[in-house]
Amino acid sequence: MTDVKRIAVIAGDGIGPEVVAEAIKVMKRTEELFNYKFEFEFGLFGGIAIDETGTPLPEATLDMCKRADSVLLGAVGGPKWDNNSKELRPETGLLGIRKALGLFSNIRPAVVFDCLKDASTLKPEVLEGTDLIVVRELTGGIYFGEKFRREGERGQEAVDTCVYNVEEVERIVRQGFEVAQKRRKKLASVDKANVLETSRLWRETVNRIAPEYPDVELEHVLVDNCAMQLLRRPASFDVIVTENMFGDILSDEAAMLTGSIGMLSSASLGEGSFGLYEPVHGSAPDIAGQGIANPIATILSVALMFRLTFGYEDAANAIEAAVKQVLDAGHRTGDIAVDRSQAIGTEQMGNLIVAALSEQVVSA
Ligand code: NAD
């Protein structure tokens, strides 16, 4: 009997519903092509949830996510809710949902499609073949340590503390190794072990568990060096695993290698295979409702879900190949078009990818 996967879908605000609709089309086509079975459940979250229920993250939505095998999220937020009090802001719901679902890592691929390498600020020959993932710890480190002000000898001082325990390090590092095992089996562990005690614990932990993953080639890279190497030799990285603040900075740097925010997918993972998948971009209120948003980031988030949560490697590969095929054929939404007068809309891009997906599978 076919294994039924439950997918909680949260379209959200702005362009969220527009891009999610195209991702659902892709998932439905993969059901037919690969004989998979998905059960979709839809929930409210963000600004729309505030309007309809009075809270950005209704209990019903959280329950829906907890029952599911994975979550697909569009985007939340918009000017309508920008002046709300903190608890009535859509973005507050984002932190809430990650915490409630126990998500402790953020995974952000940066893939440079050959046909789009001119869109980046780096030289095309440097970018050639870039296909990497940053695995970032989400719940610890300096962002969550104790913070306070005090009077020092030379006036006011501010203190932020960076704390990691060995369990927190171990679970994220294991995730780094496991993601690497599903890819080209190369892991760069990024720290600042020459200066920081938390980084020394990090490195000790990585070295202790590395022998359990003998198929993965490990390198330790200091964070400042990693920032440089990402610009100098991005194609040599496969998976980068690092702590919260380093990951925040390096994943944004890596994102810029690719040129457009409309192409970037992401996942937040917890224990086991459960994950929340979403495009990196926000709700883009400036283009919402016009049918011109790029759905590729959300469609690539589905490929990531298939690979990391369901282990559907064949379908993930086919979706990625379909996106490449459509781009290689010259089709572009406005954000990635050189000549905007030739740009196609959200729905048209989704339809082309669905058609290419069928071709990919038939020709395989
Ligand atoms: P944004 O990512 O929404 O938009 C930045 C720029 O990129 C805009 O010009 C937009 O038109 C463009 N863009 C974004 N996605 C695109 C796509 N798929 N296709 C084509 N163009 C695209 O960031 P912002 O303007 O800073 O934020 C808008 C709202 O989204 C805010 O309320 C913010 O809080 C929220 N936000 C939500 C998330 C999330 O849901 N995870 C993430 C970031 C921002």
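Student: Which helix gives the most to the lining of the largest pocket?

Tutor: Helix H4 does, with five residues. Keep in mind that the model is predicted. H4 spans 90–100, and strand S3 (70–75), strand S4 (105–111) and strand S12 (275–279) join it in supplying at least two residues each to that lining.

Student: What makes a residue part of the lining of a pocket?

Tutor: A lining residue has an atom within 4 Å of a point of the pocket. For the largest pocket, 26 residues line it, so each of them has an atom within that cut-off. Leu94, Leu95, Arg98, Arg136 and Leu138 lie nearest the centre of this pocket. Its volume is about 660 Å³.

Student: How do you know how many residues of the lining of the largest pocket are nonpolar, polar and charged?

Tutor: Each residue is sorted by its type: Leu counts as nonpolar and Arg as charged, for instance. Sorted this way, the lining of the largest pocket has eleven nonpolar, nine polar and six charged residues. As for domains, domain 1 (1–108 + 263–364) and domain 2 (121–257) each contribute at least three residues to that lining.

Student: Let's move on. What is the volume of the second largest pocket?

Tutor: About 490 Å³. It is lined by 25 residues, and those closest to its centre are Val111, Phe113, Thr130, Asp131 and Glu320. S4, strand S5 (131–137), helix H10 (296–308) and helix H11 (313–328) are the elements giving two or more residues to this lining. H11 has the largest share, five residues.

Student: Why is it said that the second largest pocket lies between domain 1 and domain 2?

Tutor: Look at where the lining comes from: domain 1 (1–108 + 263–364) and domain 2 (121–257) both give residues to it, so the second largest pocket lies between them. By class, this lining divides into twelve nonpolar, five polar and eight charged residues.

Student: How many cavities of 30 Å³ or more does a search of the whole structure find?

Student: Why is a set of points called a cavity and not a pocket?

Tutor: The test is escape: in a cavity a 1.4 Å probe fits but cannot get out, whereas a pocket is an open set. The two cavities found by the search are therefore spaces with no way out for that probe.

Student: Which residues line the largest cavity?

Tutor: Tyr164, Val190, Asp191, Leu196, Thr198, Ser199, Trp202, Glu243 and Phe246. Strand S8 (186–191) and helix H7 (197–209) are the elements that give two or more residues to this lining. H7 gives the most, three residues. Sorted by class, the lining has five nonpolar, two polar and two charged residues.

Student: And which residues line the second largest cavity?

Tutor: Here the lining is made by Arg108, Pro109, Ala110, Ser251, Ala254, Ala255, Leu264, Ser265 and Val280. S4 and helix H9 (244–257) each give two or more of them. The classes come to six nonpolar, two polar and one charged. Domain 1 (1–108 + 263–364) and domain 2 (121–257) each supply at least three residues of this lining.

Student: Now the ligand. Which residues around the ligand come nearest?

Tutor: Glu91, Gly282, Ala284, Asp286 and Asn294, out of 20 residues around it. This shell has nine nonpolar, seven polar and four charged residues.

Student: How do you know that a pair of N or O atoms makes a polar contact?

Tutor: The distance decides: the pair must lie within 3.5 Å. A polar side-chain atom of His281 is 3.2 Å from a nitrogen atom of the ligand. For Gly282, a backbone N or O atom is 2.7 Å from a ligand oxygen atom. For Asn294, a backbone N or O atom is 2.9 Å from a ligand nitrogen atom. Each of these distances falls under the cut-off, so each pair counts as a polar contact.

Student: How much of the accessible area that the ligand has on its own does the protein cover?

Tutor: The protein covers 69% of the 810 Å².

How values were computed:
Residues are numbered from 1 along each chain as its sequence is written. This is a predicted model: local features need pLDDT of at least 70, side-chain atom pairs count only at pLDDT 80 or more; totals for chains, interfaces and linings use all residues. Side-chain values use heavy atoms; hydrogens and water are left out. A residue is near a molecule or strand if one of its heavy atoms lies within 4 Å of it. A polar contact is a pair of N or O atoms within 3.5 Å; within protein, one must be able to donate a hydrogen and the other to accept it, and residues adjacent in sequence count only if both atoms are side-chain atoms. Accessible areas come from the Shrake-Rupley method with a 1.4 Å probe; for residues, only the protein chains shown count as cover. On a 1 Å grid over the protein atoms alone, a cavity is a set of points where a 1.4 Å probe fits but cannot get out, and a pocket is an open set with protein on both sides within 12 Å along at least five of seven lines; lining residues have an atom within 4 Å of a point. Grid points are joined across faces, edges and corners, and a volume is the space filled by probe spheres set on the points. Helices (H or I, at least four residues) and strands (E, at least two) are DSSP runs, numbered from the N terminus. Domain bounds come from an automatic or database domain assignment.
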